[in-house]
2 protein chains.
Amino acid sequence: MLHCNLTPIQSGLVGMKLRELSSHLGLSPTTVSRALAGYPEVSAKTRARVVEAAAQHGYQPNQRAKALATGRSFYIGHIVSSHDTEEMVNPIAGDFIGGLTERCADFGYSLSMRLAKPDQEAMTFRKLRSEGAVDGVVLQLPRENDSRIALMHEIGMPFVMHGRARGITAPYSWLDVNNTRAFHRATRFLMDLGHRSIGLINGNETVDYAVRRRAGYVAALTEAGIKADPALMTNGPMTEDKGHGAMREMLGRPVPPSAVVVSSITQAIGVRRAIQEAGLTMGQDVSVIAHDDDLSYLSNRQTVPVFTAVRSSVREAGQRLAEMLIRQIEQPAQSVQEQLLEAELVVGTSTGAAPKVSA
Amino acid sequence: MLHCNLTPIQSGLVGMKLRELSSHLGLSPTTVSRALAGYPEVSAKTRARVVEAAAQHGYQPNQRAKALATGRSFYIGHIVSSHDTEEMVNPIAGDFIGGLTERCADFGYSLSMRLAKPDQEAMTFRKLRSEGAVDGVVLQLPRENDSRIALMHEIGMPFVMHGRARGITAPYSWLDVNNTRAFHRATRFLMDLGHRSIGLINGNETVDYAVRRRAGYVAALTEAGIKADPALMTNGPMTEDKGHGAMREMLGRPVPPSAVVVSSITQAIGVRRAIQEAGLTMGQDVSVIAHDDDLSYLSNRQTVPVFTAVRSSVREAGQRLAEMLIRQIEQPAQSVQEQLLEAELVVGTSTGAAPKVSA
DNA sequence: TTCCAGAATCAAACCGGTTTGGACGGTAGC
DNA sequence: GCTACCGTCCAAACCGGTTTGATTCTGGAA
């Protein structure tokens, strides 16, 4: 409500304008614009002249004017709910955002990061839409019956979802890791090594992928005729500390598990700490298999990986999502796109044959 | 060069426009615009009427049009050089970007993320400027005699630097942690515990802050009459793996150090692993003190922290930098701002008295 | 030579705001 | 009673591109 005094950018410093370039060339702005945009009704000779002059003068069309004229902003949005910021977003945020940014750049887009207060999420999206600030959004952390999907359809906002929202039947574009299969395989792998008592240290099970991971884990056990033991299943934020706490608790039980399936490398590091504090050896006394988001700063890509893991790069997920979204923006007729990535199972030093039970 | 077919956003879905609102109110667009912007020449009664109608109809001014008219984009830029993406950016990126995003939101700005190919960095900034895409930029990872600073001055781009660039004398706004003092204190702390042989596992020393950290470490040793031993100083990417490798190497030396100063929690986790692999106990046989960026997913904030650390929140740094930059954008007369944050020294379980030398 | 289709170009409108430079009506001052 | 001035409000220009609809310039067919 205050009188806001906006200082315009010093215009002397910004580059040449279309009008200047066109008068310099003795052409109309129309022709120059079309020549640069690649329209066919400009003669090859003229186009060459224009392109060269533009390059020579370092002409860059003003994005704001272009955005206004075309109704397109060349931004894709990534909206972070502020209650998520403390949640699992963070460990993967760097690589995920990196992936988005990389692919955006390839297509001439930028990434617009915004914060939404938890209770104003819907309003933030509506505002984003009516402001025309972004051409589409990447949603992450799908919730059960996620209300954002209906909202996006309502306001006509192109979007892609990182993950799938349980309970939503309407079609929408998503990319997900096959978490169920990944955790099924991980659990199965441990059983093949002879483990029968296997714990689960999961991410927060209010989030969809954690539910699927648990389902994969439970299914593998069930198929082997083992009943999943609620006492061996925990979930919570994917921090080192929580991983440590969960493992420590399990190791303190009368009959501790001989192996655990863990939802992130960060947690797994805490798990390792708990194992060592208990005087045990990881990969020998206790086997650990983790989900590995292939984060660049927590690399598990040594010649022989430290952690046996089901690996799926979250950076690649970001790249693919950006590409999917841009495709959807530029080809609205495009039908719904679905991508299910399979995690690879890499064997490291954190797993081994189940210790023989001293009978 | 291809004919690019832009599909405008369906206009039926975007919100009400200024013209519609004004004709609805029986006022001119001018008056409505001014009423909402808080200009004094609108009567209180009219203003109230306008504000209410705007709220009722959910009017949101189109950001693109506003940007074009005012010459301001309400974006601040964060440009990631693609060679940095694999470097130390990542571990802290999530929290740093989170901090930027949070403060931006408070001031009605958004964060624009872009990628610059390493050899096109200058071009990217120029383009950003002439496109008018952002009102200012946050630079990070200052290099010696960083050429970006002169470039920003040349193109008239408001900016703030996360860190300080060695060799630059021209004034510019920056925010930094007092890395020299932090590492001086950390080293001094270890010496007070009786340690005399202290290693350094630093971040990549092509980056300014790593140079300062080393200087603090060396100064503390020198003051105590200890000559810094090059064999006990390593530097490299701040990953778990590199921390592990460096510590392992040190422990393999004929006379291993009894303590190490480490540049990040991520590295420290690798250091811990190496210590345990050697059959030693951290905080007993070997003391470890780390720099702690206070990342939310690698929290070292347990009741008794695992790692003794010099702590400085990188999220807070992001917040403060956003605020500094926006202040600079909105008050160009603003003189240069400098903020030097002091790290706090928190004691955890990873340090203890130096083991007595078996004589 | 005339006419016309097609190629190449341009003037003007448009995107949706902000801002400049009045215009209008009412009150105060002389 | 007339002018001066102030508080309100508005028409039109402007930001810098894109796009529509018209115009000019070709060359070839009639």
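DNA strand D is surrounded by 28 residues, the closest being A:Leu18, A:Ser33, A:Ala65, A:Ala69 and B:Ser28. This arrangement belongs to a predicted model. Around DNA strand C there are likewise 28 residues, and the closest are A:Ser28, B:Leu18, B:Ser33, B:Ala65 and B:Ala69.

**Surfaces near the DNA**

- Near DNA strand D, at least two residues each come from helix H1 (18–25), H2 and H4 of chain A and from H2 and H4 of chain B.
- By class, the surface near DNA strand D consists of 13 nonpolar, 10 polar and 5 charged residues.
- DNA strand C has 28 residues around it, among them B:Leu18 and A:Ser28; the elements giving two or more residues to this surface are helix H2 (29–37) and helix H4 (63–70) of chain A, with helix H1 (18–25), helix H2 (29–37) and H4 of chain B.
- The surface near DNA strand C holds 13 nonpolar, 10 polar and 5 charged residues.

**Chain A as a whole**

- Chain A contains 12 helices and 12 strands.
- The radius of gyration of chain A is 26 Å, well over the 21 Å that the globule rule gives for 359 residues, so chain A is more spread out than a compact globule.
- Along its principal axes, the C-alpha trace of chain A spans about 95 × 45 × 40 Å.
- Buried residues make up 50% of the 359 residues of chain A.
- Of the contacts in chain A between residues at least 6 apart in sequence, 70% join residues at least 24 apart.

- In strand S2 (residues 110–116) of chain B, 7 of 7 residues are buried, and the strand is mostly covered.
- B:Ser110, B:Ser112, B:Arg114 and B:Ala116 point one way from S2(B), while B:Leu111, B:Met113 and B:Leu115 point the other way; all are buried.
- Strand S2 (residues 110–116) of chain A and S2(B) run antiparallel and are joined by 3 bridges.
- A:Ser112 has B:Ser112 as its bridge partner in S2(B).
- Within chain B, S1(B) and S2(B) pair in the parallel sense over 7 bridges, and B:Ile76 has B:Leu111 as its bridge partner in S2(B).

**The six-stranded sheet of chain A**

- In chain A, 6 strands in the order S7-S6-S8-S9-S10-S12 form an open sheet with mixed pairing.
- Strand S7 (233–235) and strand S12 (344–346) of chain A are the edge strands, each pairing on one side only.
- From one strand to the next, the twist averages 15°.
- Strand S9 (residues 287–292) and strand S10 (residues 308–311) of chain A pair in the parallel sense over 4 bridges; in S10(A), A:Ala309 is the bridge partner of A:Ala290.
- Helix H8 (residues 179–192) of chain A lies across strand S6 (198–202), strand S8 (259–262), S9, S10 and S12 of chain A, and runs at about 165° to S9(A).
- Helix H10 (residues 240–251) of chain A also packs on the sheet, where it touches S6, S7 and S8 of chain A, and its direction makes about 155° with that of S6(A).

**The six-stranded sheet of chain B**

- An open sheet of 6 strands with mixed pairing is formed in chain B, in the order S7-S6-S8-S9-S10-S12.
- Its edge strands, each pairing on one side only, are strand S7 (233–235) and strand S12 (344–346) of chain B.
- Direction ignored, neighbouring strands of this sheet are turned by 15° against each other on average.
- Strand S8 (residues 259–262) and strand S9 (residues 287–292) of chain B pair in the parallel sense over 4 bridges, and B:Ser287 in S9(B) is the bridge partner of B:Ala259.
- Helix H10 (residues 240–251) of chain B packs on the sheet and touches strand S6 (198–202), S7 and S8 of chain B, its direction making about 155° with that of S6(B).
- Helix H11 (residues 265–277) of chain B packs on the sheet as well, touching S6, S8 and S9 of chain B at about 160° to the direction of S9(B).

**Residues with positive phi**

- Most residues other than glycine have a negative phi.
- A:Leu141 has a phi near 55° and lies in the loop between strand S3 (136–140) and helix H7 (147–155) of chain A.
- A:Leu141 counts as buried because it has 21 C-beta neighbours inside 10 Å.
- B:Phe74 has a phi near 60° and lies in the loop between helix H4 (63–70) and strand S1 (75–81) of chain B.
- B:Phe74 is buried, with 21 other C-beta atoms within 10 Å.

Conventions
Residues numbered from 1 in each chain as written. Chains lettered and ligands numbered in written order. Predicted model: local features only at pLDDT ≥ 70, side-chain atom pairs only at ≥ 80, totals over all residues. Buried ≥ 20, exposed ≤ 12 C-beta atoms within 10 Å, placed from the backbone. Near = placed C-beta within 6 Å. Nonpolar A, V, L, I, M, F, W, Y, C, P; charged D, E, K, R; others polar. Pairing = 2+ DSSP bridges. Rg over C-alpha atoms; globule rule 2.2 N^0.38 Å. Contact = placed C-beta atoms within 7 Å. Axes fitted to C-alpha atoms, helices over the stretch in contact; angles between N-to-C directions.
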